[in-house]
Amino acid sequence: MTVASVRVSADDPYDVVIGHHLHDRIPALVGDGVRRAAVLHPPTMLDAAERVAHALTAAGIEPVKVDVPDGEAAKTAQVAARCWSVLGSAGFTRSDAVVGIGGGSTTDLAGFVAATWLRGVRLVTVPTTLLAMVDAAVGGKTGINTPEGKNLVGAFYEPAGVICDLDTLVSLPVPELRSGLAEVVKCGFIADPEILTLVETDPAAALDPAGPVLAELVRRAVQVKATVVSADLRESTSVGTRVGREALNYGHTLGHAIEQHEQYRWRHGEAISTGMVFVAELAHRAGLIDHQLVARHRDLLTGLGLPTTYRADAYEDLRALMAVDKKSRGATLRFVVLHGLARPAILAGPEPELLAAAYAAVSRA
Ligand SMILES: NC(=O)c1ccc[n+]([C@@H]2O[C@H](COP(=O)([O-])OP(=O)(O)OC[C@H]3O[C@@H](n4cnc5c(N)ncnc54)[C@H](O)[C@@H]3O)[C@@H](O)[C@H]2O)c1
Ligand SMILES: O=C(O)C(=O)C[C@@H](O)[C@H](O)[C@H](O)COP(=O)(O)O
Ligand SMILES: [Zn+2]
């Protein structure tokens, strides 16, 4: 049953289908002319991958299951190379396809493998975490990490379609739901304040994987992402303070630095949560937003059980890690900030004192 279908209209339009019992639709999306499909999945999604493999077989498509490491450990050059070897040994051609079923780590890797094998084979993403449904599996950013930083190697490569089966969220641990909600809340601050109202009105309902509130939050967040990506797929339209796709990076400059500093022990959404409060503090100190909007960030995110502080002694390390952020231009750090609710903009090269003061406001001993 489809709850909503959201179109992404960038280079090659495709739909993000949100609903229940949707996995039967995967073979049709993989495509008629396709002979074989590699099904990349983490160990936690083995059963789901087997069901998908069964459905593909029934549709006359030969499945090749590829078990990839769980979590961030999947996003390495070594794992990508292992996937290329599997495709190479199986003789995958351009009439074959890649399906990524799992969280954002799996769909980022699967997308990168699909983008790079033979310079591009068909890709279908099947996100099974909240975070991947509302963000990672949608919009064509694919990639892996390097020792120097997060997502430093990758490609913009669009899927042929995205299947968000809400039923899979029922087995998702609560901390993973919270992490996904951080990206949902991000969409609220940058574009759709109704998201914030829904979460503030009933945070427990937002965390109920089987309830209607979460389904509505998924639809709204996917719509925000689709609108932004449709206007600026390759993140190339920011000029001066005006921001394009980079708006989706709200909270990510510090967030990615924290993830790397923690050697990926923090979940992505947890790091982004602290990162959002940090840029709200930065925008406030730059005279762009009032303190009530900063407090709204803190209250909403703590209300969801997400972190909003980080170690005071890590500041110098984090500054160095932020320098490799993709938004940097030369030595100039660029941050996505708000000029008001749902008014994202770029703040380039803030004074070191301003940065340090904003960090002090989110730091703890
Ligand atoms: N490409 C993009 O635009 C984009 C956007 C946002 C985030 N990301 C990336 O996504 C990654 C984070 O994704 P994530 O939060 O989904 O983490 P994840 O992929 O590591 O998944 C989190 C955990 O949930 C488990 N899991 C997945 N589905 C499950 C289910 N239905 N039931 C039980 N357990 C399940 C996984 O095995 C894993 O242990 C990060 O690498 C981040 O950089 C990419
Ligand atoms: O889709 C985008 O664009 C985003 O920035 C979404 C982010 O939530 C996501 O974490 C993305 O992977 C970050 O991209 P990066 O370019 O900063 O690596
Ligand atoms: Zn993110």
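**Helix packing and domain contact in a predicted model**

Helix H11 (residues 268–285) packs against helix H14 (residues 352–362) at an angle of about 130 degrees, and their axes sit 8 Å apart. Here helices (H or I, at least four residues) and strands (E, at least two) are DSSP runs numbered from the N terminus; axes are lines fitted to C-alpha atoms, for helices over the stretch in contact, with angles running from 0 to 180 degrees between N-to-C directions. The model is predicted, so local features need pLDDT of at least 70 and side-chain atom pairs count only at pLDDT 80 or more, while totals for chains, interfaces and linings use all residues. Residues are numbered from 1 along each chain as its sequence is written, with chains lettered from A and ligands numbered from 1 in the order in which they are written.

H11 and H14 are therefore oblique to each other (angles under 35 degrees count as roughly parallel, over 145 as roughly antiparallel, 65 to 115 as roughly perpendicular and the rest as oblique). On the H11 side, the contact involves Thr274, Val277, Phe278, Glu281, Leu282 and Arg285; H14 brings in Leu354, Leu355, Ala357, Ala358, Tyr359, Ala361 and Val362. Contact means C-beta atoms, placed from the backbone, within 7 Å. By type, this H11–H14 contact splits into 10 nonpolar, one polar and two charged residues (Ala, Val, Leu, Ile, Met, Phe, Trp, Tyr, Cys and Pro are nonpolar, Asp, Glu, Lys and Arg charged, and the others, Gly among them, polar).

As for the domains, the assignment, automatic or from a database, gives domain 1 (2–171) and domain 2 (174–364). Between them, 30 residues of domain 1 are in contact with 29 of domain 2.

Terms used: Contact = placed C-beta atoms within 7 Å.
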